[in-house]
Amino acid sequence: QVQLVESGGGLVQPGGSLSLHCTASGRFYAIYDMGWYRQAPGRQRESVANITRGDRQRYADSVNGRFIISRGTNSVHLQMNDLKPDDTAVYYCNAEWKNDAYEVPSFSWGQGTQVTVSS
């Protein structure tokens, strides 16, 4: 089982920057794709950014050019720049992992961290 622990987030003014970090722990064969999702009040959870083991990155249109995702072997980082009020949400880390090379992958979620963009 993989546990994900997030850090970062907080309150920032529009145009400011914040960073989020997530580290995976537990017993597993390998971590594959990692990513960040967010959920604002009254809205569905949405993908923000995703990164593969080979460092291929994908971004939601709404954050492309402002957010940067990066990773280590078992961690993922999200640098958020030029933040806007619409970026306000709870941000969740997600990881795809396996206990061995042949099994179907499983997915874990972090506990969520609040990001608030407000003047």
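**Reading a sheet and a ring pair**

Author: An open sheet of four strands runs in the order β1-β3-β8-β7, with antiparallel pairing. This is a predicted model, in which local features need pLDDT of at least 70 and side-chain atom pairs count only at pLDDT 80 or more, while totals for chains, interfaces and linings use all residues. Residues are numbered from 1 along each chain as its sequence is written, and side-chain values use heavy atoms, with hydrogens and water left out.

Reader: What makes β3 and β8 a pair?

Author: Two strands pair if DSSP finds at least two bridges between them; strand β3 (residues 18–26) and strand β8 (residues 75–80) are joined in the antiparallel sense over six bridges.

Reader: Why is the pair of Tyr37 and Trp109 called edge-to-face?

Author: Rings of Phe, Tyr and Trp (its six-membered ring) pair if their centres lie within 6.5 Å, and planes under 30 degrees apart count as stacked, over 60 as edge-to-face and the rest as tilted. The centres of Tyr37 and Trp109 are 4.9 Å apart and their planes stand at 70°, so the pair is edge-to-face.

Reader: Why is Trp109 called partly exposed?

Author: Buried means under 20% relative accessible area, exposed over 50%, and partly exposed in between (1.4 Å probe, protein chains only); Trp109 has 39%, so Trp109 is partly exposed.

Reader: How do you know that the charged end of Arg45 sits over the ring of Trp109?

Author: A charge sits over a ring if NZ of Lys or CZ of Arg is within 6 Å of the ring centre and within 35 degrees of the ring normal; the charged end of Arg45 sits over the Trp109 ring, 4.6 Å from its centre. Lys98 likewise lies over the face of Tyr32, at 5.3 Å from the ring centre.

Notes: Helix = DSSP H or I, 4+ residues; strand = E, 2+ residues; numbered from the N terminus.
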